[in-house]
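The sequence and structure come first.

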Amino acid sequence: MTAPGEPRRRRRADAERSRTAILDAAVRLLRQRPDAGMEAIATEAGVTRQTVYAHFSSREALLAATVDRITEGAVAAMEAARLDEGPAAAALTRFLDVSWHFFEDNAPLLGAVSADAADEDERARHEPVIGRLGRLVERGQKAGEFAADLPPHWLVAMTVALGHAAGDEVNSGRMTNSRARAALRTTVFRVLGAAEDVS
């Protein structure tokens with residue numbers, strides 16, 4: 001005998017698995033083909049195009065959800081990097097490494113998001129990252145590792161802006177990934193008035 005509510009719970013579970021499969025497929029495909037359409041993503045996920053549209057009303061909505069998914073992964077990686085432990089300079093290196101891996105892995109996908117969607121959601125997506133970076137900067141200032149004569153929020157804003165600038169240099173072809181990564185690290189440490197960590 002079927003328990004009351006069991007069919008509904010099963011439908012919800014099926015719908016959640018379908019949505020997860022679509023997002024996983026979108027991440028895989030858009031990393032390689034940022035112009036991939038809903039049909040291609042549906043094929044990659046093993047579902048119909050109608051199923052994709054049942055979960056995401058438009059390609060823009062799917063792209064936004066995909067960026068949210070990979071951002072969650074970046075935040076989890078920052079948690080694993082234990083930014084609140086050890087010298088602040090070493091933690092800053094770990095922060096920059098995690099951030100750059102996020103960019104390297106997802107640059108085509110991130111570029112597929114329309115400018116309007118990125119502007120609309122950028123602040124919310126950055127919030128978990130900015131919060132962690134802000135706490136790290138404040139810790140470094142209190143420990144005397146980072147410059148204390150500038151507000152923490154300004155140093156955070158500069159670090160984020162430098163990260164975007166490094167990404168733009170790579171996307172434009174003016175710098176290689178490795179060169180931009182090294183330049184970003186050196187410049188951020190200089191902006192924060194820190195001795196560069198070499199560990």
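In this predicted model, the largest nonpolar core has 29 residues. Those with the most contacts inside this core are Leu-92, Phe-95, Trp-100, Leu-133, Leu-136 and Leu-192. Two or more residues each come from helix 4 (59–80), helix 5 (88–112), helix 6 (115–142), helix 7 and helix 8. Helix 5 gives the most, with ten residues.

Leu-133 shows how such a position is surrounded. Leaving aside residues up to four places away in sequence, Leu-133 touches Leu-92, Phe-95, Val-156, Thr-159 and Val-160.

Another core lies apart from the largest one. The table sets the two side by side.

| Core | Residues in the core | Some members |
|---|---|---|
| Largest nonpolar core | 29 residues | Leu-92, Phe-95, Trp-100 |
| Another core | 20 residues | Ala-26, Leu-30, Ala-65, Leu-109 |

Next comes the packing of two helices. Two packed helices are described by the angle between their axes and by the distance between those axes. For helix 7 (residues 152–172) and helix 8 (residues 177–191), the angle is about 165° and the axes are 9 Å apart. Because angles over 145 degrees count as roughly antiparallel, helix 7 is roughly antiparallel to helix 8. Their crossing is right-handed.

Which residues of helix 7 and helix 8 meet? Helix 7 brings Leu-155, Met-158, Thr-159, Leu-162, Gly-163, Ala-166 and Val-170, while helix 8 brings Asn-177, Ala-180, Leu-184, Thr-187, Val-188 and Val-191. The residues of this contact comprise nine nonpolar, four polar and no charged.

Conventions. Residues numbered from 1 in each chain as written. Predicted model: local features only at pLDDT ≥ 70, side-chain atom pairs only at ≥ 80, totals over all residues. Heavy atoms only, no water. Axes fitted to C-alpha atoms, helices over the stretch in contact; angles between N-to-C directions. Helix = DSSP H or I, 4+ residues; strand = E, 2+ residues; numbered from the N terminus. Parallel < 35°, antiparallel > 145°, perpendicular 65-115°, else oblique. Left-handed = near helix turned anticlockwise from the far one by under 90°. Contact = heavy atoms within 4.5 Å. Nonpolar A, V, L, I, M, F, W, Y, C, P; charged D, E, K, R; others polar. Core = buried A, V, L, I, M, F, W, Y, C linked by side-chain atoms within 4.5 Å. Buried < 20%, exposed > 50% of the residue type's maximum accessible area, 1.4 Å probe, protein only.
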